[in-house]
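Please read this report with the sequence and the 3D view side by side.

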Amino acid sequence: MSALLDLENWIADSNAALSISIVSPTPSGLQLISTFNPSFTYPVFGEDEKIFGYKDLKINLRYRANDMRPHVQISYSSKFTSLGETEPMDVLGMLREDAHLPAIAFGKAADFESNSQNLGDDWTPPGELHASFEGSDGTYEIWQGTLADSAIKQLNSRIQLLIPLFIEGGSYIGQTPDSDFTETDMADADRWTLFMLYRKQPSTNDPTKSSYVFIGYSTVYRFFYFQTPPTPPASPNHDWELPQGNLDLAQLPCRTRLSQFLILPPFQGSGHGARLYRSIFEHYHKHTQTYEFTVENPNEAFDELRDACDLKFLRTLPEFTALRLNPDVTVGKKGLIPQLIKGGENLEAVRTKAKIAPRQFARVLEMHVMSQLPDSVRPRIEPDERIPSKTAADRHIERLWQLLVKQRLYRHNRDVLAQIEPLERIEKLGETLLGVELEYARLLAAHGSVSTGVAKQKRRLEVDDDTTSTSSKRTRMDED
């Protein structure tokens, strides 16, 4: 037993052992901007996120603030002496093999520091300047470029490890999360666009010059967008031939997908993410070849940012702001549900104009419609707020709102709901509807700059959950 206890003394939490530092190059040396720990390290050190074989283990991954050149430093007070098959984990080897850091990250510390001193203030980010805006602590610039640009490709190789460290399930460009291969496929590099956010500030040594600090970035991928062809003519044209030569993919219709999105932890909570997302969305909304803008597997934090930004954008469209529940609709106890939205025959035209994916458009429309409900029936998060009495008209509108949301929930979870009894089905839809209402109420309150103090609601509601922590099998019903 004492031997086992002694072995435990050699185990370190990899999330705590690994620290990430942002350092700014100056002529006198490196200046520390911030240090923080990752959220996840299982992609590098295994599911348990434990490192065996060291005492007081410290892994410092330093990034140069402007060009994000990385450098790895490892220190410890003691290293376990191998005993049979029990030996220390090869931390450096795991970082080399699984962290996808460039070879330069494992060079000498003296080289990293001396090279940083020689990096002049005339350095500018790779790619092209996309947009700029003023912040309370300086000017911010968004630069963009594709992975076909060697400088952008180099930057991506330096920072791509940050994605799995801070986004659960995040993967490297050109590699799927469950891939057994460490090599990435960059055959479609020209379809990948990086948007890099920097803070630009006067140099501490020469106010006439500027220095850059990397704040965060996003990657975007373009898919070919297949359009339903028009009805062919009655008589085929036998003179038609396939186009000759290579096609320029940049000129073809596409579905644009935001794939990765990260603001570094020291710079979160200041609105940088919303500014970056809006800039990217507005760019592709004006992009002629883009027919639809989508997001790949967003987490809850990004969902909230996206919802608020999309709602704000859609409310700039008169045809969207005019949409509301139709109080003249009569819904029977049986039969098909009629169109509940006044002007609903134009919904697809509005969505197409906005270039927002169908499910996201439906959610944001629900938020917008919910904000228009009478005070007596509008879901809210302030439990002590005085609520007016419901009138018959209010109750009718409330029912229309609930049917609108339940329609979408049912369509999205049709296969799951078909496996349970009708009464239980109604119960689960009602439970999920309540979660939707609370989530929308919280987001609308925050969007209106109202302090809520309410805990964040999960978008995914566990109706049944297929996990090993429960004794019975459960299935999951997604709200979105």
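What follows is a description of a predicted model.

## The whole chain

The protein chain contains 15 helices and 18 strands. Of its 480 residues, 45% count as buried. The chain exposes about 26,000 Å², and 50% of that area comes from carbon and sulfur atoms. Contacts can also be sorted by how far apart the partners are in sequence. Among contacts between residues at least 6 apart in sequence, 68% join residues at least 24 apart.

| Helix pair | Crossing angle | Axis separation | Handedness |
|---|---|---|---|
| H13 and H15 | about 110 degrees | 10 Å apart | right-handed |
| H12 and H13 | roughly 165 degrees | within 10 Å | left-handed |
| H8 and H9 | roughly 55 degrees | within 10 Å | right-handed |

Take H13 and H15 to begin with. Helix H13 covers residues 392–412 and helix H15 covers residues 422–447, and they pack at an angle of about 110 degrees. That angle makes H13 roughly perpendicular to H15, because angles of 65 to 115 degrees count as roughly perpendicular. On the H13 side, the contact is made by Trp 401, Gln 402, Val 405, Lys 406, Arg 408, Leu 409 and Tyr 410. These meet Arg 425, Leu 429, Gly 430, Thr 432, Leu 433, Val 436, Glu 437 and Tyr 440 in H15. By class, the contact of H13 with H15 has 8 nonpolar, 3 polar and 4 charged residues.

H13 also packs with H12, and their axes cross at roughly 165 degrees. H12 is therefore roughly antiparallel to H13, since angles over 145 degrees are counted that way. H12 contributes Arg 359, Ala 362, Arg 363, Glu 366, Val 369 and Met 370 to the contact, while H13 contributes Trp 401, Leu 404, Val 405, Arg 408 and His 412. The residues of this contact divide into 6 nonpolar, 1 polar and 4 charged. Trp 401, Val 405 and Arg 408 of H13 take part in the contact with H12 and also in the contact with H15.

The remaining pair is H8 with helix H9 (residues 300–314), whose axes cross at roughly 55 degrees. H8 and H9 are therefore oblique to each other. In H8, the residues in contact are Gly 273, Ala 274, Tyr 277, Arg 278, Phe 281 and His 285. Their partners in H9 are Phe 302, Leu 305, Arg 306, Cys 309, Asp 310 and Phe 313. This contact of H8 with H9 has 7 nonpolar, 2 polar and 3 charged residues.

## Two buried residues

Gln 360 sits in helix H12, which runs over residues 358–370. Is Gln 360 buried or exposed? Gln 360 has a relative accessible area of 4%, so it counts as buried, the cut-off being under 20%. Apart from residues up to four places away in sequence, Gln 360 touches Arg 306, Asp 307 and Asp 310. Arg 306 and Asp 310 also belong to the contact that H9 makes with H8.

Val 220 is in strand E12 (residues 210–224). Its relative accessible area is 0%, and Val 220 is therefore buried. Leaving aside neighbours within four places in sequence, its contacts include Trp 192, Phe 195, Leu 258, Ile 280 and Tyr 284. Leu 258 is 38 residues from Val 220 along the chain, yet their C-alpha atoms are separated by 4.5 Å.

## Residues in loops

Most residues other than glycine have a negative phi. Asp 56 has a positive phi, near 55 degrees, and so does His 100, also near 55 degrees. Asp 56 lies in the loop between strands E5 and E6, and His 100 in the loop between helices H4 and H5. Asp 56 is exposed, with a relative accessible area of 55%, whereas His 100 is buried, at 15%.

Pro 266 is in the loop between strand E13 and helix H8. With a relative accessible area of 30%, Pro 266 is partly exposed. Which residues does Pro 266 touch, not counting those up to four places away in sequence? Pro 266 touches Ser 34 and Phe 36. Pro 266 and Thr 35 are 231 residues apart in sequence, and their C-alpha atoms are 8.0 Å apart in space.

How values were computed:
Residues are numbered from 1 along each chain as its sequence is written. This is a predicted model: local features need pLDDT of at least 70, side-chain atom pairs count only at pLDDT 80 or more; totals for chains, interfaces and linings use all residues. Side-chain values use heavy atoms; hydrogens and water are left out. Axes are lines fitted to C-alpha atoms, for helices over the stretch in contact, and angles run from 0 to 180 degrees between N-to-C directions. Helices (H or I, at least four residues) and strands (E, at least two) are DSSP runs, numbered from the N terminus. Angles under 35 degrees count as roughly parallel, over 145 as roughly antiparallel, 65 to 115 as roughly perpendicular and the rest as oblique. A crossing is left-handed if the near helix is turned anticlockwise from the far one by less than a right angle, and right-handed if clockwise. Contact means heavy atoms within 4.5 Å. Ala, Val, Leu, Ile, Met, Phe, Trp, Tyr, Cys and Pro count as nonpolar, Asp, Glu, Lys and Arg as charged, and the others, Gly among them, as polar. Buried means under 20% relative accessible area, exposed over 50%, partly exposed in between (1.4 Å probe, protein chains only). Accessible areas come from the Shrake-Rupley method with a 1.4 Å probe; for residues, only the protein chains shown count as cover.
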